[in-house]
Amino acid sequence: MRDITTSDFKFQPYWWDAAAPMPFTAGGMKAAYDVVVVGSGFTGISAALHLARAGRSVAVLDRQDPGAGASRRNAGFVGRVLKKSYSELVASKGRDKALTIYRELHDAYAFTFDLIAREGIDCYAVRPGRFIGATSRGHYNALAKDLAILQADMGFEHRMLAPTATAQGLETDIYSGGAIVPDSGSLHPGLYHKGLLDRAVEAGVSVFGRTEVENLQELSDGRCEVRTDRGTVYAGKVVVATNGYVSKLGWFRRRVVPFRAYMAATEEMPQELLDRLIPHGRTIIDSNTNIDFFRPAPDSRRILFGGATAAPLKGPEEITVRMKSIIDRVLPQACNLKLSHAWDGYCAGTFDLMPHVGRRGNVYYAMGYNFAGVTMGTRFGARIANSIATGAGLDSVFEARNFPTMPFYTGTPWFLGLVMRYFDWHDRRLARRG
Ligand SMILES: Cc1cc2nc3c(=O)[nH]c(=O)nc-3n(C[C@H](O)[C@H](O)[C@H](O)COP(=O)(O)OP(=O)(O)OC[C@H]3O[C@@H](n4cnc5c(N)ncnc54)[C@H](O)[C@@H]3O)c2cc1C
């Protein structure tokens, strides 16, 4: 490992250099709150902040230090697409539903940038655009078709780049052209989450880390009993915002499919090399179902990247070696760069590949974002807060009556390997069509 990592290498998210999760263990819990939020990521903190601003007493409970879930581990890509392409959605759900879904993604994207500006959160939130690299001619054709339909239906701005390395301006010839989506964004997720958490605490939210919720029960008088490993607390309403880290809460565990995602950071490099490897500071993903992704760090001259999602990698060494093999393959000019950080984190899929927001009595929930939780988590948290504070509905196309599970599934996704193999087969089939 020593020849591929720097002497100060850390198996820890790069983001934690600027925004490490801190313990929130001081102070005792009150006996009751208007709202108890389970989970302190973007979803939970956004709900808590908006509820406190609406005058509710709120406690956030997390079994880890606040933010140590996916919210301070992700890549910080800010987009408005789902795992299912727009064309797939049109085919499976019809054009009207697909349009409503994409409008809501657009709304979540705009809401997140607005919130950051309104709250004055300094987190390098920018819109440098995204390059989607086609991994074959077949993928290029499918991408062009999908984006053309999105443009016709929603005015989704994009530009196709011909399948030549020079046209892309990238220092790699691995892609068969691709597309530029000019107003896609990025941010520093550590600083974004820290900013939200600071605002929530300033607004009066009580935050308790290292407090695991073991059971939730709605009593006959409508109050919710929240049993934790530090005692029992009561709430008028509960918000479950546990995404891929869900523990103990069986109904939710049976509905989300947690899977691991991996990332790494290179050591610093000359600005000129960084600009050549990733022109214009854009984010880069490829067109595969199981993507590799790259971006420049917002606050230093490094590349942050990831891939091999859901692969059964065993420990820090195996993860780091695998990450190094990804950057060497896609950006060979970076092969002399060592890695300064590598890390992993849990995302959550669902059985219908859609995010879910909903309500069971006085228990609200939002989860299952795949890779879109920066905006969707922020937006769903705020929608739940609004619904609790005003009595209005959740008003979301993702509020399905049915949050599907699978017979005998209890939260251990033994089938992930098969699913990833299916995605690879699907990608190869599309490539052959080209
Ligand atoms: C490596 C990686 C890269 C990603 N890249 C992107 C990206 O570029 N863009 C994007 O939009 N999304 C991305 N994602 C996904 C995104 O990070 C998540 O969707 C989002 O952070 C989810 O936020 P959340 O608040 O719902 O959950 P989390 O931030 O995961 O928080 C859930 C919290 O619930 C707590 N919890 C669970 N069970 C209990 C319990 N019983 N009691 C108390 N606490 C509990 C956990 O400790 C955890 O802190 C990525 C994820 C990973 C891992």
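**Close-up views of aromatic pairs and a charged patch**

**View 1. An aromatic cluster built from W251, F252, Y365 and F403****.** In this predicted model, these four residues form one aromatic cluster, and a search of the whole structure finds 21 aromatic pairs. One of them joins F252 and Y365 in an edge-to-face arrangement, with 5.5 Å from centre to centre and 65 degrees between the planes. Because F252 belongs to helix 7 (residues 250–253) and Y365 to strand 19 (residues 363–367), the pair ties together parts that are 113 residues apart in sequence. F252 is buried, at a relative accessible area of 4%, and Y365 is likewise buried, with a value of 4%.

**View 2. A tilted aromatic pair formed by Y422 and W425****.** The ring centres of Y422 and W425 are 5.8 Å apart, and their planes make an angle of 35 degrees. Both residues lie in helix 11, where a spacing of 3 residues corresponds to about one turn of the helix. Y422 counts as partly exposed, with 45% relative accessibility, and W425 also counts as partly exposed, with 37%.

**View 3. A patch of positive charge on the surface****.** The residues that gather in this patch are K145, R428, R429, R432 and R433. Helix 11, which spans residues 416–433, gives the most to the positive patch, contributing 4 residues. R433 lies in helix 11, and its relative accessible area is 62%, so R433 is classed as exposed, for which the cut-off is over 50%.

Terms used
Residues are numbered from 1 along each chain as its sequence is written. This is a predicted model: local features need pLDDT of at least 70, side-chain atom pairs count only at pLDDT 80 or more; totals for chains, interfaces and linings use all residues. Side-chain values use heavy atoms; hydrogens and water are left out. Patches are made of residues with over 30% relative accessible area and no salt bridge: like charges are joined within 9 Å, nonpolar side chains (Val, Leu, Ile, Met, Phe, Trp, Tyr) within 5 Å. Accessible areas come from the Shrake-Rupley method with a 1.4 Å probe; for residues, only the protein chains shown count as cover. A salt bridge is a side-chain nitrogen of Lys or Arg within 4 Å of a carboxyl oxygen of Asp or Glu. Lys and Arg count as positive and Asp and Glu as negative; His and the chain ends are not counted. The place of a charge is taken as NZ of Lys, CZ of Arg, CG of Asp or CD of Glu. Helices (H or I, at least four residues) and strands (E, at least two) are DSSP runs, numbered from the N terminus. Buried means under 20% relative accessible area, exposed over 50%, partly exposed in between (1.4 Å probe, protein chains only). Rings of Phe, Tyr and Trp (its six-membered ring) pair if their centres lie within 6.5 Å; planes under 30 degrees apart count as stacked, over 60 as edge-to-face and the rest as tilted.
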